[in-house]
Amino acid sequence: MPARENYHRMTDSSDDTLGGRLSAARDASGLSLADVANRIGVKRESLLAWEADRAEPRPSSLIDLAGILGVSPMWLMTGVGSGPIQESGDLPLEALKLDLQRLTEAHLETGRLIEKIARQIETYEEKDERRRKSGDLDGPVMGRA
């Protein structure tokens, strides 16, 4: 029989409300407000209001949130049940996938910016070369007759 890994349940005084538990679970998952809001189809401001206990999600959204954050709906509502797990510093698989997606997008954007700057440099070099060939190195000369 394989050895069981030890996991520690995260507990905190902020877990006393639905918003506090929601925020703690999102933090433990490594997901941003925007990530979670996009995945359940609500505005970022709505999720922020839920985390601040200024509003409450619909039951269907609560179930979706629980699934995304890896906690039980009962824990989100009451604090009793399966809450977020902190696995010896390891990020949950979903958070790692999102980080990989962000890095991939940043890598692609960096490549696009590199190509854009390279084209701009080529354009400036071509203009400079044409100006040199035409003998106009100093620009217009004042006072010539």
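Arg-26 is buried, with a relative accessible area of 10% (buried means under 20%, exposed over 50% and partly exposed in between, for a 1.4 Å probe and protein chains only). Its salt-bridge partner is Asp-27, with N and O 3.8 Å apart; a salt bridge is a side-chain nitrogen of Lys or Arg within 4 Å of a carboxyl oxygen of Asp or Glu. Asp-27, in contrast, is exposed, at 51% relative accessible area.

The model is predicted, so local features need pLDDT of at least 70 and side-chain atom pairs count only at pLDDT 80 or more, while totals for chains, interfaces and linings use all residues. Residues are numbered from 1 along each chain as its sequence is written, and side-chain values use heavy atoms, with hydrogens and water left out.

The protein chain has a mean pLDDT of 80 (the predictor's confidence in each residue, from 0 to 100), and 76% of its residues reach 70 or more. Confidence is lowest in strand β1 (residues 8-9), with a mean of 40, and highest in helix α3 (residues 44-51), at 92. Helices (H or I, at least four residues) and strands (E, at least two) are DSSP runs, numbered from the N terminus. The pLDDT is below 50 over residues 1-14, a stretch that has 16 contacts in the model beyond near neighbours in sequence (contact means heavy atoms within 4.5 Å). Where pLDDT is low, the predicted coordinates should not be read in detail.

Helices α1 (residues 18-29) and α4 (residues 59-69) pack at about 30 degrees with axes 9 Å apart; axes are lines fitted to C-alpha atoms over the stretch in contact, and angles run from 0 to 180 degrees between N-to-C directions. From α1 the contact involves Leu-18, Leu-22, Ala-25, Arg-26 and Ser-29, and from α4 it involves Leu-62, Leu-65 and Leu-69. These residues comprise 6 nonpolar, 1 polar and 1 charged (Ala, Val, Leu, Ile, Met, Phe, Trp, Tyr, Cys and Pro count as nonpolar, Asp, Glu, Lys and Arg as charged, and the others, Gly among them, as polar).

In α3, the residues Leu-47, Ala-49, Trp-50 and Glu-51 are buried. The buried residues of this helix pack against α1, α2 (33-40) and α4. Leu-47 touches Leu-22, Arg-26, Leu-33, Val-36, Ala-37 and Leu-65, residues up to four places away in sequence not being counted. Just after α3, Asp-53 adopts a positive phi of about 60 degrees.

The salt bridges number 6. Arg-112 pairs with Glu-109, the closest N and O atoms lying 2.9 Å apart. Both residues belong to helix α6 (residues 93-133) and, being 3 residues apart, are separated by about one helical turn. Arg-112 is partly exposed at 48% relative accessibility, as is Glu-109 at 35%. A further salt bridge joins Glu-129 and Arg-132 (3.5 Å, N to O). Glu-129 and Arg-132 are likewise 3 residues apart in α6, about one helical turn. Salt bridges with shared partners link Asp-128, Glu-129, Arg-131 and Arg-132 into one network.
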